Amino acid sequence: MSDGSPPARARADGPRTTGRSAVVVGGGLAGITAALALADAGVRVTLLEGRPRLGGLAFSFQRGELTVDNGQHVYLRCCTAYRWFLDRIEGTALAPLQDRLDVPVVDVAKPEGRRLGRLRRDPLPVPLHLGRSLAAYPHLSLAERAAVGRAALALKGLDLADPALDTQDFGSWLAAHGQSARAVEALWDLVGVATLNAVAGDASLGLAAMVFKTGLLSDPGAADIGWAHVPLGELHDRLARKALDSAGVRTEVRTRVTSVSINENGSWNVQVPGETLSADAVVLAVPQRETHELLPPGALDAPERLLEIGTAPILNIHVVYDRQVLARPFFAAVGTPVQWVFDRTHASGLSGGGPEEPPYKGGGGRRPGQYLALSQSAAQDEIDTPVADLRERYLPELERLIPGTRTAVVEDFFVTRERTATFAPTPGVGRLRPGARTKAPGLYLAGAWTATGWPATMESAVRSGVSAADAALSALGRPRPRHLFEFEEAA
């Protein structure tokens, strides 16, 4: 069952532990965070993951010479918990932030030479930091730009603590505040679909308001974008495993939990094939349906609500060209099915591409070429579309968007599909999301789908792991590690 790492009790380099123990079920970002936080407080921790690697749905795999991320993941400067996580695993330098928000937006319907607009900030206080960019944004009319400004001020005035916001949909609110269909497509959904994994009409006003208020209307630099310049597996598997090992966590992969039960003395049994683990606390950091299956009776008042939390898919399209076709690291698009396009050439280990960054040292690529990844959120209509049909649809769209592709040879075209990539941020979902504590003493929940106040992002996952660990430590009588306060203070 072991992955080769010695168990925590046999390690000499980990922190000194108390007699307290915990089992964390699930090795995604939520589970890794909970395990690190518990171990940092001196708890003896075992982390169990059913897959052969850590990282959950933010992972990498090999395809020939390429190291491929299953999907493009980004974070913002306001994602203080995920930034803490990167720092904790010593990965901050590998996933840098922009110096200043700058998003190229291409409108394919306009003549070449007039297609490019930009969403970028100036070094001014909120909301003036986006004023010049919005005033010059070419994809909206002057009247639409003015209406966007008024809607943004109305959005800034919403109280995120008002539960009524979760009962409304964002699209209706935008329409009531003078937003045209074009403004929704070229601005609100441009940001919202990528962060919420839903179009405005399908998204909770509460979650949408949280995204826009926190990301665009809280601090001038809040929306600066960061992304991994190495494969996600380098961060969320290799470096995370190294941090767990150093903290004294016993990490077991390819290990699926079959049951969780409480003993008469208040301790917990966690059953895996061939072994029963005993612990003072258990954190379930797995998706909502798997959590529902493992919950003991009485742990939640209405466990069936977990099954009412819907899911939403993300489709990623990967194209490898025989030459460089794109000079910028990424762009967003309107007037086309294409949403966001990222240059993954160097991060994947394929040599060639633009001068933005040095080649990823872990890759083995040696030939010129460029690898682009298209991130398609809210992909319900295409998640099961055959690869051949997607190729027929998206390659011509890329030729419309990127002139250099018209003379390039497509050397590879493949697709990754996450049918349950996120929870669906529909109106009313807030009442379904449980907190970290359950009614069963010693049992805690984590996952981006729990009640973090955030949509299903890496930030939400890390925050949930901290909340679960914090609740467990309180019950175990262990002091909370001081560094866990850092991201809250930063926020």
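## Basis

In this predicted model, local features need pLDDT of at least 70 and side-chain atom pairs count only at pLDDT 80 or more, while totals for chains, interfaces and linings use all residues. Residues are numbered from 1 along each chain as its sequence is written, and side-chain values use heavy atoms, with hydrogens and water left out.

## The sheet

Strands (E, at least two residues) and helices (H or I, at least four) are DSSP runs numbered from the N terminus; two strands pair if DSSP finds at least two bridges between them.

Strand S1 (residues 21-25) pairs with strand S13 (residues 281-284) over four bridges. Val 25 stands opposite Leu 284 in S13.

## Helices on the sheet

The lining of the second largest pocket has 24 residues; Val 193, Val 199, Pro 337, Gln 339 and Ser 377 lie nearest its centre. A pocket is an open set of points on a 1 Å grid over the protein atoms alone, where a 1.4 Å probe fits, with protein on both sides within 12 Å along at least five of seven lines; lining residues have an atom within 4 Å of a point.

Helix H6 supplies the largest share of this lining, five residues.
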